[in-house]
Amino acid sequence: MGQDTDVIALVGAGDQGLEVLRGLLRVPGVEVRYVFDPDPAAPGITLARENGIRCRVDGRFDELAGDAEVGLVLVTGGDPDVLAAVEAARHPDSCLIGAAGARFVARLLAEIADVDARANVEKARYLRQASHQVKSPLSSIQTYVNVILGGYTGEIPERTRDVVEKIHSRCDAALAALAKRRMLADLRCVDPDALEMSPVHLGEVIDEAVGRYAEAAAARGIEIRALPHDAPDLVRCDRTQLLAMTGELLENAVVYSRDGGLVEVALASRHGRLTLSVRDRGIGIPERCLPRIFDEDYRADPAVKHHQDGAGLGLAIAREIAGLHRFDLSVESEEGRGSVFTATMPAAPAS
Ligand code: ADP
């Protein structure tokens, strides 16, 4: 748990509790650690379980007394007996909010989500238009460049070829950046509740992502090794997004490796959680850059020197996808020695 994380316990997982829980799950820096409701079929219990939150469905509140990290207890129902029981059970340092306060919290959360959603939709719409306008001329430039490089306009001197090849690769980079910028904007419009969630084998997604980058890696003498695993690897997610997130981490590991390097992708299962880690022994990230590394448009200076064409968008995309799924995404790195990016997610029960 980070220092700035607010740990919350939610009591009541009916319709009102569900609304509050949905809102809280969208707020960065908030961890809903417990959900209590005597009805195991309450809608909020299902959502909580899907998000790896501890649920108690026997009408008891024992965890509240023992967990001093819970700073806020939100009681969404109006039953005075429940309120009294929670009051008696809660840790003395925690703050208790009853039904009226919880309703108010729900309204605020809904209002914030609405304003954010409208702004994001507007941004994505604008970006779609702008990128359409830029994409066509860029693609045309590439076509002309291919004509020149193909020798259809006559023989080209070696030095001119170098320049034209650079134009080609800068166009490639610009088109790739445009596609990522759009993807990020589109991701920010996704309603987490509308994600197409299904049980997915993480191992298969890793293999597919490795397949996508193997050729680019091999061209620089880099080996991508997917480490063997025999743990259960089912995760509930949007498969396309999980693949995109894994791909971004893998692409970076290759790009920021030195020629001839090794990238390892590992999958592990522990205490109901799956971890996906992507390790390289490349240029690493200076410690001072780590706090901003997942920010949109941010690039560490050694990376700019190593690889000019980066866009500073891949990790923002990975973080957005992780956020939509409530996965944890973290990095450890040492400048000059390499990095390991780790995504942690709840394991789905085998069907
Ligand atoms: P890009 O790689 O296009 O610059 P990203 O958003 O994917 O954009 O990454 C942001 C920055 O994070 C990079 O510019 C680089 O500074 C750093 N970074 C990401 N992955 C790695 C890695 N595996 N090794 C070293 N630096 C990395």
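Colleague: Leaving aside its neighbours within four places in sequence, which residues is T342 in contact with?
Modeller: This is a predicted model: local features need pLDDT of at least 70, side-chain atom pairs count only at pLDDT 80 or more, and totals for chains, interfaces and linings use all residues. Numbering runs from 1 along each chain as its sequence is written, and side-chain values use heavy atoms, without hydrogens or water. With contact meaning heavy atoms within 4.5 Å, T342 touches T275, L276, S277, D328, L329 and S330.

Colleague: How far is T342 from R279 in space, C-alpha to C-alpha?
Modeller: T342 belongs to strand β12, strands being DSSP E runs of at least two residues. In sequence, 63 residues separate T342 and R279. In space, their C-alpha distance is 8.6 Å.

Colleague: What percentage of the ligand's accessible area does the protein cover?
Modeller: Ligand oxygen atoms lie 2.8 Å from an N or O atom in the N252 side chain, 2.9 Å from a polar backbone atom of A300 and 3.0 Å from one of G314. On its own, the ligand has 530 Å² of accessible area (Shrake-Rupley, 1.4 Å probe). The protein covers 97%.

Methods: A polar contact is a pair of N or O atoms within 3.5 Å; within protein, one must be able to donate a hydrogen and the other to accept it, and residues adjacent in sequence count only if both atoms are side-chain atoms. Helices (H or I, at least four residues) and strands (E, at least two) are DSSP runs, numbered from the N terminus.
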